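Student: Please take a close look at one part of this structure. Then set that part beside its surroundings.

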Protein chains: 2
Amino acid sequence: MNYSYKYPKPSVTVDCVVFGLDDAQKLKILLIQRGISPYEGKWALPGGFIKLDESIEAAAVRELKEETGIDRVFLEQLYTFGEVNRDPRDRIITIAYYALINIGEYTIQARTDARNAEWFSAKELPDLAFDHQKILGVAKQRLKGKLRYQPIGFELLPTKFTLTQLQKLYETVLEQKLDKRNFRNKILKMKLLVDIEEMQAGVSHRPAKLYQFDKNRYKELEQAGFNFEI
Amino acid sequence: MNYSYKYPKPSVTVDCVVFGLDDAQKLKILLIQRGISPYEGKWALPGGFIKLDESIEAAAVRELKEETGIDRVFLEQLYTFGEVNRDPRDRIITIAYYALINIGEYTIQARTDARNAEWFSAKELPDLAFDHQKILGVAKQRLKGKLRYQPIGFELLPTKFTLTQLQKLYETVLEQKLDKRNFRNKILKMKLLVDIEEMQAGVSHRPAKLYQFDKNRYKELEQAGFNFEI
């Protein structure tokens, strides 16, 4: 059966916005340098054409792995961009995905259509190909909105962390300073943190308390519709 | 230039989930009865194929108007669905949009590929074509999430409304009963409502106070990152 033959078809791609936090809780973006035309030599988001026999999400996972070597990342769908002239080649609609990962846990390796793959500081990005600057802007907004209402950041910290590390992570993603006392009150009130009665090691002056994230408690609260807003 | 000729292309459609509130603040869904194969005679979300010279959003607006007569609605992008076998015809990726409107302000008229167009109670829906049941489920979740954090419902009420009407709207969309006192406290604390010092007309026993929504105040608060959570 082919009912749709009469409609000219657009091309469809996926693009991946991968945010990374480094050891100092600084926000970075994973970019590739295009090895092919158009925009050859320009930096861009990793991505490429969808195959007919794979789901959109599978295409995103595949392209990310092919172009950057990054695998086993939970990619969440961001938004679909389809302005008529967004790509010089053809009418191309792109479905963008995003993820937030801990940079230290992954090794980058550029392959296939990517000449290079690198982490860039979110504050010092090169010019990007296509409408990727716009896609990145939408992804940053989404990430902020999400962290504000869901404690997504915990998985990016070491298993044991201090409240200062956690606050730094929030400040990085939200791009704003948070009041220390207010932040601590809100976070502790959620009762998502387990005080493991250990102190930070290797710090001679006023070592801080270490905490762990209570995932089961998080799941319970989430199901109960709890407000995690920071 | 045509760099992408070598990639077989999927077809791309749009689908629209239009939620409506009737005068009694009951939630309804706008469906069309398919006039063409596949699923001829089945109920489905309004939608259709994207043209190469229109943006995705323009396609959604056009298809909604063509199939249901509904125009001048703010459609927001919901999610893109692209499972390999979601459509029996071909590999078809669909970009879903959603809107929440006041039923009384619109006239429905089925045209083009739609044999009929009708409002169905959200609680008594027919079997839907394709994966439209799934799309609808995602839209309901999004609408709930949105109302919980943004006062989107005000524009659906008459210019002057009672707190009971407003609470009913929230209860309908959130699909849960809300505590009256708690709801009123939260809503009044937002200072989004102007007490116009008028009482409900046509009610002999204990008429309620009438309020208006303060849009300017809403815009100010929104820019300041105010928490509108209910």
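**A strand and its partners**

Tutor: V14(A) stands opposite I95(A) in β6(A). In β4(A), the bridge partner of V14(A) is G48(A). This is a predicted model, where local features need pLDDT of at least 70, side-chain atom pairs count only at pLDDT 80 or more, and totals for chains, interfaces and linings use all residues. Residues are numbered from 1 along each chain as its sequence is written, while chains are lettered from A and ligands numbered from 1 in the order in which they are written.

V14(A) is among the residues of β1(A). Helices (H or I, at least four residues) and strands (E, at least two) are DSSP runs, numbered from the N terminus. Two strands pair if DSSP finds at least two bridges between them. β1(A) and strand β6 (residues 92-102) of chain A pair in the parallel sense, over 11 bridges. With strand β4 (residues 47-49) of chain A, the pairing of β1(A) is antiparallel, over 3 bridges. Strand β2 (residues 27-34) of chain A also pairs with β1(A) in the antiparallel sense, over 3 bridges. There, L21(A) has L27(A) as its bridge partner. β1(A) and β2(A) form a hairpin with 5 residues between them. In that turn, Q25(A) has a positive phi of about 60°.

Now the cover. A residue is buried if 20 or more other C-beta atoms lie within 10 Å of its own, exposed if 12 or fewer, and partly exposed in between, with C-beta atoms placed from the backbone. In strand β1 (residues 11-21) of chain A, 11 of 11 residues are buried. S11(A), T13(A), D15(A), V17(A), F19(A) and L21(A) point one way. V12(A), V14(A), C16(A), V18(A) and G20(A) point the other way. Both sets are buried.

Helix α5 (residues 215-223) of chain A is hardly covered, with 0 buried among its 9 residues. Just after α5(A), G225(A) takes a positive phi of about 75°. K180(A) lies in helix α4 (residues 180-189) of chain A. K180(A) is exposed because 11 other C-beta atoms lie within 10 Å.

Back to V17(A), and on to the core. A nonpolar core is a set of buried Ala, Val, Leu, Ile, Met, Phe, Trp, Tyr and Cys residues joined through C-beta atoms within 7 Å. The largest has 100 residues. V17(A), A96(A), Y98(A), V17(B), A96(B) and Y98(B) touch the most other members. Two residues are in contact if their C-beta atoms, placed from the backbone, lie within 7 Å. Not counting residues up to four places away in sequence, V17(B) touches L45(B), L78(B), A96(B), Y98(B), I135(B), L136(B) and A139(B).

Last, the chain contact. It takes 33 residues from chain B and 33 residues from chain A. On the chain B side, β1 (11-21), β5 (76-81) and β6 (92-102) each supply at least two residues. That side divides into 16 nonpolar, 9 polar and 8 charged residues. Ala, Val, Leu, Ile, Met, Phe, Trp, Tyr, Cys and Pro count as nonpolar, Asp, Glu, Lys and Arg as charged, and the others, Gly among them, as polar. The copies meet through the same surface, because 100% of the interface residues of chain B are also interface residues in chain A.
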